[in-house]
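Hi,

Here is the structure I promised to pass on.

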Amino acid sequence: MIVTTLLRLVLLLAFAPLMLGVIARTKAAFAGRQGAPVLQPYWDLGRLWRKGIVVSRTTTWIFWAGPVVAVTVPVVASLLLPMGALAAPLSFEGDVILFVYLFALARFFTAAAALDTGSSFEGMGAAREVTFACLAEPTLLLGFVVLARLADGLTLNALLGAHLAAAWGSSGASLALIVVCLMVVLLVENARIPFDDPNTHLELTMIHEVMVLDHSGPLLGLIQYGAALKLMVLGAVIMRMVLPVDTGNLWLDAGIFLGGQFVLAVVIGTIESVMARLRLARVPQILVGTTLVAVFAVVLVLR
Amino acid sequence: MPLLLIAALLMAVSGAPGLARASARRRRGADAVQPAGDAGTERVATALLLAGAILGIVAVVAGLLGRGPHSVSASWAVPGGLFELRLDALSSVFILPVMLVVAAGAMYGPGYRPVREGARHGAGFRFFYGLAAGALPVLLTAQGTLLFLAAWEILALCGFFLVSTDDDQPAVRRAGYLYLVSTHTATLALLGMFALLGGGDPWLRLPAAGSLPAGGAATAVFSLGLLGFGLKAGLVPLHVWLPSAHAAAPTHASALLSGLMIKIGVYGLMRLISFYAEVPAWWGWTLLGAGALSAVAGVSLALAQHDIKRLLAYHSVENIGIIVMGLGLATLGRAAGAPALVALGLGGALLHVINHGLFKALLFLAAGSAIRASGTRELERMGGLLRRQPWTAVFFLIGAVAICGLPPLNGFVSEWLIYRAALTAAHHQIMGLALAVLAAPALAVVGGLALACFVKVFGVVFLGSPRENSPTTSAEATRGMRSAMALLAAGCVGIGLAPLALAPLLRAATAEWAPAIAAAGAIAAEGVSGGLREAAWLSAAAGLLLVPMLVIAAWLRRRGRIAARGVPTWGCAFAAPAPRAQYTASSFADGLVSTFAPGRSLERTSPPALFPAPARVLSHHPDLALDRLLLPGWRLTARLFVRVRAVLHNGLTSAYLLYVALTLLVLLIIFGGK
C-alpha cells in the first residue's frame, strides 16, 4: 500500500513534465524540425525556479494563492484516481465528485488570480476559462455516469476497475463515445490545440496563457508544473478506459501506465499538428455538441 | 422545548421597547416622521436577540440529546385553535440556521444601520426583524394548522415591512407590493390545501408522518402545496417576487429573508410529503424537474445581474432548486423503495438547507459591508476593495467558495450527497428510475455557472483596482459586523471540515421523514449511516488539500525572491490603462449569459456626430417569467376586463335590473330543486 502510494507519487511528480516534452517532440517531428530535447520542460521549470518574482502593485495575496492551489489540486486529485492498475490510496463512495470539484476549486483560484492583476486581457482569459469549463464539466459528469452504470460502486477505483475490459464487449459503443468526449474535455482543460494554443503570440486570442501573463519566476513555474500534473491526471482517466489491464505485478503495471501516458502524449501531439486552431466563437458550439454526444452515450448505456 | 418557546418570545419582543420609545418621542414631536430609535433600545434589542439565539441553540441541542420535553401545549381560546409546539429532528434542521443567522444579524445591524445616521424607520425595522425571528421557530414547530398559518402570516407581513423599510424609493415600494401579492397568493393556496387535507375543515392537527393513505385528494393537495410553498420558496417560475424583494431590503434583513424565510416553503413541502404513507413517482419527478429548472434558470439569471444584491437573490433561487432536487430524488426513492436514494437525497437537501442559510447570509453581510464602503450596489462601479477591506474580502471569499460547492467548505458536502443520490440511481435496473441520474450533469452545469458567477463577483468587487473614487470615509467593517461574518464563516468552514458532526441530526430527520423505510431498518443498513460515514473521508481530503497548500505558501513567503515590487501590471504594451478599462462584470459574463439566458436588452444613447462624443449604454436583463410572461399577461387581462366593464357597466338602470333578475333566475335553477 505504502509502496504503491509512493510509486504513484513518484510517477506523477517526476514524469508529468515529460509528457509536455513528448508532445513538443511529436509536433516537431510533424513539422520536420529537430525540436527541443524531450527534457526541455524540466530545464524550463528549473530556470523559472531560480528566477525572482515580479509583483504588480494592484495584486494582493490572491495572486499568490492561484499558483499554490493550481499545483496542489492535481496532486490531491491523483490520490483519488487509479493510475493504470495502481489503485487509488484514498478511495470512498462518491470520491468521483470530489475529483471533479477539486479541479473546479483550482479554476476558481486561477481565475481569481488573473482578475487580481486588473488587466483586461487577463480578465478576458479568466472569462473564457470559466465559460468553457461550464460547458465541459457536464460532459465529464456524463462520462462518469456511463462508467457508474457499468460499475457497481461510486469510487473511482470501482468506476475504472478491471471490469472495463469486459464492458468494452457489452457497451463498447458508449465507452468509445465517452473516450472521444473525454478527449475533448482533456484538450479544453489543458489548453491544447484546437481549443487554445499555448504558443500563440497574440494575447487577445489566448485563453489559459493570458491568465498567467503577470505571473513570473517560481509562481509561473508552479503554474506550469501544475498544468503538467493536470494533464497527466486527466490523461490517466482516458488511458485507464482504453487500457484496462491489470497484470498484478507492481512494476509492470507502472510500466504500462507510463507507456499509456506516452501514447497519449503522442496522440495529443498528432492532434495539435494536424488540426488548425478553432475560432473562439466556435469553441462553445463544439463543447455543446460534445455534451450531446455524451448524452447519447448515456442513453445507449441506460436502455 | 419550553426553552425554545422562551427564546422565540425573547426574539419576538426584542424590538418592542425601541418601538415604544420611538412612538413616545414622536408623540412629543422629537422625531418628525421616521422614528429612528435610539442607541439604548438598540442595545436592548441586540441583547435580547442574542440571548434568544443562544437559548434557541441550547434548546435544539437539548432536544437532540433527548433532554426535556419535546412538546409544549397551551389552551388557545380560538375556534379550531390548537396551541401545540413540538420539536423534532426535521424542525431542528431548519431552526439551527435560524438561530445562527439571527445572532449574526443582531451583531451586524448596529454597525450597518447606525442609529446616529438616522437610518429610516430604524425602530420599526428592528421590531419587525425581531418579530420575524421569533415567528420562525414557532412556525417550524407548530402542530396545528391555525397556528401554522398564523405564524405564516406574521412572517409574511414582517417580510413586507422589512422589504419596504426604505420606502422613499419607488423601486422599493414596487418590490414590497409584488412581494405582498405573491405571499398572499401563497397563503390562499395553503388555505385550500389545508381544507382538502382536513376533508373540508382546515383547522386541524397536522397529520403524523406516514399516516395518510395515498389517493383521494392527494393530487390536489400536492398541487396546491407545490403552488403555495413553491411561491414562498421561490421555485421557477414562481420566483418573480424574490429578486426585487431581497434586493430592496436592508442587507441583514436580506440575509434573513434569503437565508431563512424562503426555507419555510421547503419545510412545508417536506412536511407535506412526509404525511403520506406512499407517494406516487410523479411527485418526485415534478420536484426534480422544478428543482433543476430553478437551479439552472436561477444561476443563469444571477450571472446576468450587475446589482450585487439582486445577483445574490437570484442565487437563492438556484440553491432552493438544488435543495428541491435533493427532495425530489428522495421522493423518487420513497416511491420506488430505494433507501439509498432517500437517505442521500434528503440528507443532502437538509444539509443544504443549513449550509445555504449560513453562506447566503454570510455573502449578504459581506456584500453589505462592501456596499457601505463603496456607496453603490453596482458591480461595475466597484473594484479593489480587498485592499481597503481585507476582512470583508476574506469572509466574502469563504462564502463564495462555499456557495459554488467547492471543497473543502460546507457547500460541497451537501452537493456531494445530492450528486451521490443521483449517481446511485444509475445502478437501478428500472429504466424510469435510472433516468434520475441525469440530475448529476444538471448539477454540474449549475456548479460551473455558479463558479463563473462568483469568480466574477469576487474579482470585480474585491480585486483589481477601484473603478471609481468611492465617496465614503469608513472602509473596513465595524467590529460587530466583522464578528457577525466571522460567526457565519466559522459555520461554513466547520461543517466543511467536520461534516460528520451533523450526521446524527440528518439521520434522525430522514428517519422522521420516511418512517416506513426507517422502520425496515434499511436506512441504517445501507443509506444514511453509510452515506454520511463516508463524509469523514472528506475531512481527510480537506486536510490533504490544505496542509500542502500552507507548506507551499510558507515556502514561497520565506524563499521566494521578489525581483520587483510595485510595478504596474503588464498592459500588453499599452502603457496607460485606466482603472475603468478593467474587464467588467457584464463582459465577463457575456458569453455564458448569451448561451444560457438570452434576452439582454441594450439601450444605446450616442449622439450622431462626426467626432466621438460622450455616449451612454444601458444594459438590462429582463426576468423571463416576470417581464416577458406575467406582466404582459396581467396587462392583457386588465385590458380585457376594461373592455368587458365598458359593455356591462353602461349606466342604464334597466340593464342593472336585468342583471339582478338573471342572477336570481340562475340561482333558482341551480339551488331551487333542493
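In strand β5 of chain B, B:Val617 is the bridge partner of B:Arg604. That bridge belongs to an antiparallel pairing of β4(B), residues 601-605, with β5(B), which runs over five bridges; strands pair here if DSSP finds at least two bridges between them. Strands are DSSP runs of E with at least two residues, helices are runs of H or I with at least four, and both are numbered from the N terminus. Buried means 20 or more other C-beta atoms within 10 Å of the residue's own, exposed means 12 or fewer, and partly exposed is in between, with C-beta atoms placed from the backbone.

Before you go further: this is a predicted model, where local features need pLDDT of at least 70, side-chain atom pairs count only at pLDDT 80 or more, and totals for chains, interfaces and linings use all residues. Residues are numbered from 1 along each chain as its sequence is written, and chains are lettered from A and ligands numbered from 1 in the order in which they are written.

Now the interface. The contact takes 62 residues from chain A and 65 residues from chain B, contact being C-beta atoms, placed from the backbone, within 7 Å. On the chain A side, α5(A) gives the largest share, 17 residues. By class, that side has 40 nonpolar, 13 polar and nine charged residues (Ala, Val, Leu, Ile, Met, Phe, Trp, Tyr, Cys and Pro count as nonpolar, Asp, Glu, Lys and Arg as charged, the others, Gly among them, as polar).

On to the nonpolar core, meaning a set of buried Ala, Val, Leu, Ile, Met, Phe, Trp, Tyr and Cys residues joined through C-beta atoms within 7 Å. The largest one has 356 residues, and B:Leu362, B:Leu365 and B:Ala439 touch the most other members. Its largest share, 22 residues, comes from helix α14 of chain B (339-374). Leaving aside neighbours within four places in sequence, B:Ala439 contacts B:Leu288, B:Ala292, B:Met325, B:Leu329 and B:Ala422.

Last, B:Ala535 in helix α25 of chain B (535-559). B:Ala535 counts as buried because 23 C-beta neighbours lie inside 10 Å. Beyond four places in sequence, B:Ala535 is in contact with B:Val413, B:Pro499, B:Leu500 and B:Ala503.

Cheers

Key:
Two residues are in contact if their C-beta atoms, placed from the backbone, lie within 7 Å.
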